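Please consult the sequence and the structure shown below while reading.

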Amino acid sequence: MINRMILTPFFLDQAVPALEQVAGEDWWRNMPELFPGEPQQRMVNLYQPLAELVKTAVQRGERPVSVAGDCCTTIGVLAGLQQAEMNPTLIWFDAHGDFNTWETTPSGFLGGMPLAMLVGLGELTMGQGVGLTSLPESQVILTDARDLDPGEKGNVERSAINHLPDVTMLLDSSLPAGPLYIHFDADVINNAEAPAMSYPTEGGPSVAALARVFDRLAETGQIAAVSLSAWNPELDQDGRSREAVMGLLDHLIH
């Protein structure tokens, strides 16, 4: 399958020019002008064209591979898949759960809420703004998520999502039929091997362990879309994190 690489060089509603360096000449770039306003409306204006790019890629028979600075861009990716009449199972790799709502978040950080948003919990402004239909919780596999806030942990436990605390459990788990949408937050990697993360978390799987899991997923032939929440390029002085993350992405989309 032809991979259609799509870069959104933003962290939430703020541009990250340093992330533009990762893009090849043939990448599509999602870089609309965002006018002053409320952050969530600015993010809707960012994710609407992303959804259109994802839909176009699918309709061309290509696999959209979104690279961005945070996990909220998954809202635009999933909306685009739905617009292309795709109903995937979502496998979410992350050191965090991203399953907070306004009632459980200790920080008010929107970047800690996108998975909840995707399944229709909590803050829905952005999902509604891009025409997203909530994904059934039973179509979500959350793996790792070793750092959960107390209230967020309760949200996960009460939900119908399948939480696999060890990513290598995917090596032996049966996978549902149909298309898979893989979201890969770079901070899932053990911080010793990829330290340039804005929200580092102790522990986590090695690059080698993730590579085995990603190879297994790729071998199914079911991966229809991928999104990557990247490392922090400002912290990656030696390029080690970029090398680790992009190498793992290759395992998913080869």
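Where does aspartate 98 lie? Aspartate 98 is placed in the loop between strand 6 (89-96) and helix 3 (114-118). Helices (H or I, at least four residues) and strands (E, at least two) are DSSP runs, numbered from the N terminus.

The model is predicted, so local features need pLDDT of at least 70 and side-chain atom pairs count only at pLDDT 80 or more, whereas totals for chains, interfaces and linings use all residues. Residues are numbered from 1 along each chain as its sequence is written, and side-chain values use heavy atoms, with hydrogens and water left out.

Most residues other than glycine have a negative phi. Aspartate 98 has a positive phi of about 50° although it is not a glycine. With a relative accessible area of 5%, aspartate 98 is buried. The term buried means under 20% relative accessible area, exposed means over 50%, and partly exposed lies in between (1.4 Å probe, protein chains only).

Leucine 12 also is not a glycine, and its phi is positive at about 55°. This leucine 12 belongs to the loop between strand 2 (10-11) and strand 3 (14-15). Leucine 12 counts as buried because its relative accessibility is 12%.

## Aromatic pairs

A pair of aromatic rings is described by the distance of the centres and the angle of the planes. Rings of Phe, Tyr and Trp (its six-membered ring) pair if their centres lie within 6.5 Å; planes under 30 degrees apart count as stacked, over 60 as edge-to-face and the rest as tilted. How many aromatic pairs does the structure hold? There are four aromatic pairs in the structure, and the table gives two of them.

| Pair | Centre to centre | Angle between planes | Arrangement |
|---|---|---|---|
| Phenylalanine 11 and phenylalanine 109 | 6.2 Å | 20° | stacked |
| Phenylalanine 93 and phenylalanine 214 | 5.0 Å | 90° | edge-to-face |

Phenylalanine 93 lies in strand 6 and phenylalanine 214 in helix 6, so this pair ties together parts that are 121 residues apart in sequence. Phenylalanine 93 is buried, with a relative accessible area of 0%, and phenylalanine 214 is likewise buried at 0%.

In the stacked pair of phenylalanine 11 and phenylalanine 109, distant parts of the chain are linked: phenylalanine 11 is in strand 2 and phenylalanine 109 in the loop between strand 6 and helix 3, 98 residues apart. Phenylalanine 11 is partly exposed, with a relative accessible area of 27%; phenylalanine 109 is partly exposed, with 26%. Ring pairs also join Phe11, Phe109 and Tyr199 into a cluster.

## The largest pocket

Rolling a probe the size of a water molecule over the atoms shows where empty space is left. On a 1 Å grid over the protein atoms alone, a pocket is an open set of points with protein on both sides within 12 Å along at least five of seven lines, and its lining residues have an atom within 4 Å of a point. The largest pocket has a volume of about 540 Å³.

Which residues lie nearest the centre of the largest pocket? They are His96, Phe109, Gly111, Asp187 and Tyr199, out of a lining of 30 residues. The lining comprises 11 nonpolar, 11 polar and eight charged residues. Here Ala, Val, Leu, Ile, Met, Phe, Trp, Tyr, Cys and Pro count as nonpolar, Asp, Glu, Lys and Arg as charged, and the others, Gly among them, as polar.

Helix 6 (residues 207-219) has 13 residues and spans 18 Å from its first C-alpha to its last, close to the 18 Å expected at 1.5 Å a residue. The expected span is 1.5 Å times one less than the number of residues. Its buried residues are Ala209, Leu210, Ala211, Val213, Phe214, Leu217 and Ala218. The elements that cover these buried residues include strand 6, strand 9 (180-185), strand 10 (223-229) and helix 7 (240-253), where contact means heavy atoms within 4.5 Å. After helix 6 comes glycine 221, which has a positive phi near 70°.

In helix 5 (residues 150-158), the buried residues are Glu152, Gly154, Asn155 and Val156. Their cover includes strand 7 (140-147) and strand 8 (162-164).

## An exposed loop residue

Serine 138 is found in the loop between helix 4 (125-129) and strand 7. At 60% relative accessibility, serine 138 counts as exposed. Serine 138 and asparagine 162 are 24 residues apart in sequence, and their C-alpha atoms are 7.1 Å apart in space.

Notes. On a 1 Å grid over the protein atoms alone, a cavity is a set of points where a 1.4 Å probe fits but cannot get out, and a pocket is an open set with protein on both sides within 12 Å along at least five of seven lines; lining residues have an atom within 4 Å of a point. Grid points are joined across faces, edges and corners, and a volume is the space filled by probe spheres set on the points.
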